[in-house]
Amino acid sequence: MSASSELIARARAHNFFSWSAQDAVNPIAMVRGEGCYFWDADGRRYFDLNSQSMCVNIGHGDRRVIEAIKAQADELAYAGPGMVTRVRAELGERLAQHTPAGLEHFFFGVSGGDANENAVKMARGVTGRHKVLARYRSYHGATFGSISLTGDHRRWASEPGIPGVVRIPDPYKYRSALYRAGDSDADFAQRCLEQLEEIVMFEGPHTIAAILLETVTGTNGVIIPPNGYLQGVRELCNRHDILLICDEVMTGFGRTGAWFGVDHWDVAPDIMTMAKGLTSAYLPLSAVAVNDRVFDHFRKNVFYGGLTYSAHPMCLAAALATIQVIEEDDLVGNAQRMGRVLAELHDELKAEHPSIGDVRSIGLLGCIELVRDQKSKEPLAPYTGGGDVMPRIAAYLREHGVYTYLWRNLLHTNPPLCVTETELRETMAIVNDALSIADEAAHLD
Ligand code: PLP
């Protein structure tokens, strides 16, 4: 038995894996990582084309973050959420240098899911209203509240969820019935906004606490809003006194080639949630950034929320060191530069493969959407996943040393932000080969 097989067998005997039927899990026995690569227990190397869960933004094994975590453990491993620590003071100051103007107060938790739940609690507290509008093609976390806010099928198993969530459609140019051939961004944005305005009217603006959006949709297929959409949602929120919550759990910390996704459209939400890239996942940490309006409400009103691990000093130290790395290595700039290369490589793939319906990317957040037929746009795999084509592509990639996230008909391309052009080209050449499996399957049907 290989070292990998032995480790996997031992782990499977006593572990309960997430998002899986237990008999179907097929994990890699990961033993170490460096930069864009990680290795399994048999010494096999993999390029990490998904930064694990779109979270290891600075790359694996960065000594600067590891040493900072060790030093914090020596200085003070834990302090309760009611304590003030050096790292707590420093991280607030440091984050405020990068968040959009006005978002300068931070509530620390441990995951993207709890950040979104706290954001909704805050919005309900401030407005005294209960409804939250959230999109269908969205993911906001797996905890009970956040899975209810999630629009995609992952919520079904947890329904009925929390009350007050109203679904709204997505500005999804490739599949939206509102998009007409030849539309400019402005035209398409306008139609989406008119539809949203109508839903707000039907629901009653005085009942709506917040509109919650992933600034750029992540796992549901890198849906980049048309220019004008986010600005329009901001304006609509202002007009109806509704709070705008942007979920930047995946899009934050350089992933899109800007510090935050909202920077591309120069929009400041009232509340912004972050996790993943905040520590590059070296330790678990989330933050909810709020503006003065939200913060001022809670100067006199109690905020009923908190966790034993809120503002955990070791996690805060990891975040401080991560931000330092992003700045020092200009990873936001590298995400822009390599993002241009990724977009080019996507276009080349699209020109070559009949199974590619659409390619989308912004910075190093990317995705390839596979179809049976470019005209009908029929997805290569069903909405809830399944079929054997995507698993066969995943198996080919793994065999050839590339790890990424494939689900439904989507193949994600999200390397760490430290990726080089050579690494990106080598990896996408393997993706190119793997896509012949998709072409063949599309052709056979
Ligand atoms: N929001 C978005 C946009 C995400 O992509 C995720 C996780 O993938 C979450 C929230 C939930 O974060 P976590 O898994 O840390 O709870």
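Is Pro27 buried, partly exposed or exposed, and why?

1. Basis of the note. This is a predicted model, in which local features need pLDDT of at least 70, side-chain atom pairs count only at pLDDT 80 or more, and totals for chains, interfaces and linings use all residues. Residues are numbered from 1 along each chain as its sequence is written, and side-chain values use heavy atoms, with hydrogens and water left out.

2. Exposure of Pro27. Pro27 counts as partly exposed because its relative accessibility is 25%; buried means under 20% relative accessible area and exposed over 50%, with partly exposed in between (1.4 Å probe, protein chains only).

3. Setting of Pro27. The loop between helix H1 (3-14) and strand E1 (30-34) contains Pro27; helices (H or I, at least four residues) and strands (E, at least two) are DSSP runs, numbered from the N terminus. Leaving aside residues up to four places away in sequence, Pro27 touches Ile8, Phe17 and Arg398 (contact means heavy atoms within 4.5 Å).

4. Ligand shell. The residues around the ligand include Ser111, Asn116, His140, Glu214 and Asp247, where near means a heavy atom within 4 Å. Helix H5 (residues 112-127) gives the most to this shell, with three residues.

5. Atom pairs at the ligand. A polar side-chain atom of Lys276 lies 2.9 Å from a ligand oxygen atom. A backbone N or O atom of Gly112 is likewise 2.9 Å from an oxygen atom of the ligand.

Definitions and conventions: A polar contact is a pair of N or O atoms within 3.5 Å; within protein, one must be able to donate a hydrogen and the other to accept it, and residues adjacent in sequence count only if both atoms are side-chain atoms.
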